[in-house]
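I opened my notebook to walk through this model one element at a time.

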Amino acid sequence: MTDEALRSSRAVVIGGGLAGITAALRLADAGLDVTLLEGRPRLGGLAFSFRRGELTVDNGQHVYLRCCTAYRWFLDRVDGARLAPLQNRLDVPVLDVGRSSGPRLGRLRRNALPVPFHLAAGLAGYPHLSLAERASVGRAALALGRLDPEDPALDTVDFGSWLARHGQSPRTIEALWDLVGVATLNATAPNSSLALAAKVFKTGLLSEPGAADIGWASVPLGEVHDTQARKALDSAGVRTELRTKADSLSRTEDGRWIVDTGAERIEADTVVLAVPQRETHGLLPEGALDAPDRLLDIGTSPILNVHVVYDRKVLRRPFFAALGSPVQWVFDRTDASGLTGPGQYLAISQSAADDEIDLPVAELRRRYLPELERLLPAARGAGIRDFFVTRERTATFAPAPGVGRLRPGTRTRTPGLLLAGAWTATGWPATMEGAVRSGFSAAGAALSSLGRTHEHPLQEAA
């Protein structure tokens with residue numbers, strides 16, 4: 001295709017989450033005329049911020065790992081890497097308050113030795129497991145390292161059963177495997193596909209020493225995923241339309257696409273559907289997928305976040321994980337939220353929150369304020385300036401065994417129509433990394449179909 005023809009090629013990306021933003025940037029960088037449609041008044045999908053009084057609140061705590069190379073590309077592309085720094089080395093404080101002898105703090109951390117020795121010293125000193133349990137973890141990790149996450153047979157097995165067969169006690173699963181797995185997979189081990197669990201643990205813990213170093217936004221997520229992303233899209237020449245949903249897709253006699261928004265009919269050579277699976281199902285033309293109803297069989301898993309603003313500082317660390325408590329992870333969001341005056345703002349992140357997602361705020365308050373006092377003695381007697389809850393009932397797709405056969409690839413049977421989203425067949429669970437990778441795939445497939453030579457962005461960055 002000539003450069004002139006490529007410049008005249010038009011693409012419409014439907015959905016302004018990370019997958020859609022990524023696809024739009026990649027297509028625009030390749031010279032296409034791109035329109036991005038987003039029904040919400042902002043970009044960022046389910047990783048966003050909102051105002052509550054003086055606070056800027058993230059809907060949920062989102063973190064990434066050093067091994068998330070696609071999301072790190074995204075941060076670089078929108079000039080946001082400085083706003084979401086990584087730890088120098090993995091270091092996770094883990095506070096166990098379920099011990100009869102009293103609370104005890106341990107740490108999961110690494111050193112600079114090669115894999116797998118980078119975690120050996122940290123595991124040897126991890127106080128929440130017995131010596132025998134720590135030895136069993138090493139054996140299971142070696143067995144996990146021999147698995148191929150792309151083996152379809154692994155997707156039919158649940159991670160909990162595999163762990164039990166490899167000598168992992170209930171305590172080991174609680175204090176180590178689920179501590180990490182629930183936060184990354186949004187499901188407990190018995191409800192997780194072995195394939196997806198293997199992907200998480202092999203990539204994050206067994207690929208390179210620094211792979212599991214944790215990063216998170218030091219500013220509200222909206223500053224990165226909306227403000228910075230919008231600047232990058234504008235600079236790339238993308239026309240971004242917020243509060244604009246696609247009502248229908250149709251094809252012209254010459255094989256081009258018509259995207260109807262109700263207010264406008266946009267003609268395009270390429271359409272990327274980067275919206276959740278149910279919305280995608282509603283927009284798919286007949287015959288685009290062999291079994292479109294499989295999209296409706298992809299389950300979802302909720303995430304609950306409990307937000308507490310104290311009148312004084314009660315936590316000295318940026319975050320910690322908890323054992324022996326309903327609390328999973330606690331993050332200090334004081335500076336990022338813009339809180340002024342004395343006090344501290346903590347966010348409790350509760351993944352796989354099926355049993356709590358619909359509980360009234362008053363009941364969650366009765367449940368979590370005493371737990372925070374049990375975990376943080378400084379919270380006892382502290383005043384509560386604010387208490388509120390954010391709920392994402394369909395935060396991620398459920399990573400249950402068998403989900404792999406339900407996740408479609410980026411290409412459809414209809415030329416010029418591509419799919420993107422963390423729920424597509426990325427090989428990753430529902431993470432920001434998976435969303436960005438799906439955007440790469442959709443843009444790459446579109447450019448290939450247009451005869452445009454291109455390289456994968458991670459190859460370009462290598």
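Which residue in β17 is the bridge partner of Val-306? I looked it up, and Ile-348 is that partner. Eight bridges join β14 (residues 300–310) to β17 (residues 344–351), and the two strands run antiparallel. I noted the rule for pairing: DSSP must find at least two bridges between two strands. I also noted how elements are named: helices (H or I, at least four residues) and strands (E, at least two) are DSSP runs, numbered from the N terminus.

**Entry: ground rules.** This is a predicted model, where local features need pLDDT of at least 70 and side-chain atom pairs count only at pLDDT 80 or more, while totals for chains, interfaces and linings use all residues. Residues are numbered from 1 along each chain as its sequence is written, and side-chain values use heavy atoms, leaving out hydrogens and water.

**Entry: confidence.** I checked pLDDT, the predictor's confidence in each residue, from 0 to 100. The protein chain has a mean pLDDT of 95, and 98% of its residues reach 70 or more. Over residues 1–7 the pLDDT is below 50. Beyond near neighbours in sequence, that stretch has 11 contacts in the model; contact means heavy atoms within 4.5 Å. Where pLDDT is low, predicted coordinates should not be read in detail.

**Entry: the record.** UniProt, in an unreviewed entry, lists residues 18–446 as "domain: Amine oxidase". I kept in mind that UniProt positions use the numbering here, feature names are shortened, and annotations may be inferred rather than shown by experiment. In the model, the end C-alpha atoms of residues 18–446 lie 17 Å apart. The span is 31% helix and 22% strand.

**Entry: the seven-strand sheet.** I went back to the sheet that holds β14 and β17. Its order is β7-β6-β15-β16-β17-β14-β18, it is open, and its pairing is mixed. The edge strands, β7 and β18 (384–397), each pair on one side only. Neighbouring strands are turned by 25 degrees against each other on average, direction ignored. For angles, axes are lines fitted to C-alpha atoms, for helices over the stretch in contact, and values run from 0 to 180 degrees between N-to-C directions. Helix α7 packs on this sheet, touching β6, β7, β15 (319–323), β16 (329–332) and β17. The direction of α7 makes about 140 degrees with that of β15.

**Entry: helices around α8.** I followed α7 (residues 170–185) to α8. Their axes come within 11 Å and cross at roughly 105 degrees. The two helices are therefore roughly perpendicular to each other. The cut-offs: under 35 degrees is roughly parallel, over 145 roughly antiparallel, 65 to 115 roughly perpendicular, and the rest oblique. On the α7 side, the contact includes Trp-177 and Val-180; on the α8 side, it includes Leu-196 and Phe-201. By class, this contact has seven nonpolar, two polar and no charged residues. Ala, Val, Leu, Ile, Met, Phe, Trp, Tyr, Cys and Pro count as nonpolar, Asp, Glu, Lys and Arg as charged, and the others, Gly among them, as polar.

Next I looked at α5 (residues 131–145) and α8 (residues 194–206). Their axes come within 10 Å and cross at roughly 110 degrees. That makes α5 roughly perpendicular to α8. Ala-141, Leu-144 and Gly-145 of α5 make the contact with Ala-198, Phe-201, Lys-202 and Leu-206 of α8. By class, I found five nonpolar, one polar and one charged residues here.

**Entry: the three-strand sheet.** This open sheet runs β10-β11-β12, with antiparallel pairing. Its edge strands are β10 (248–251) and β12 (265–268). Strand β11 (residues 257–260) pairs with β12 over four bridges. Trp-257 has Ala-268 in β12 as its bridge partner.

**Entry: two loop details.** A cis peptide bond joins Val-115 and Pro-116, with omega about 0 degrees. Pro-116 sits in the loop between β7 (104–109) and α4 (120–124). Asp-79 has a positive phi near 60 degrees, and Asp-79 is not a glycine. I found Asp-79 in the loop between α3 (69–77) and β6 (91–96).
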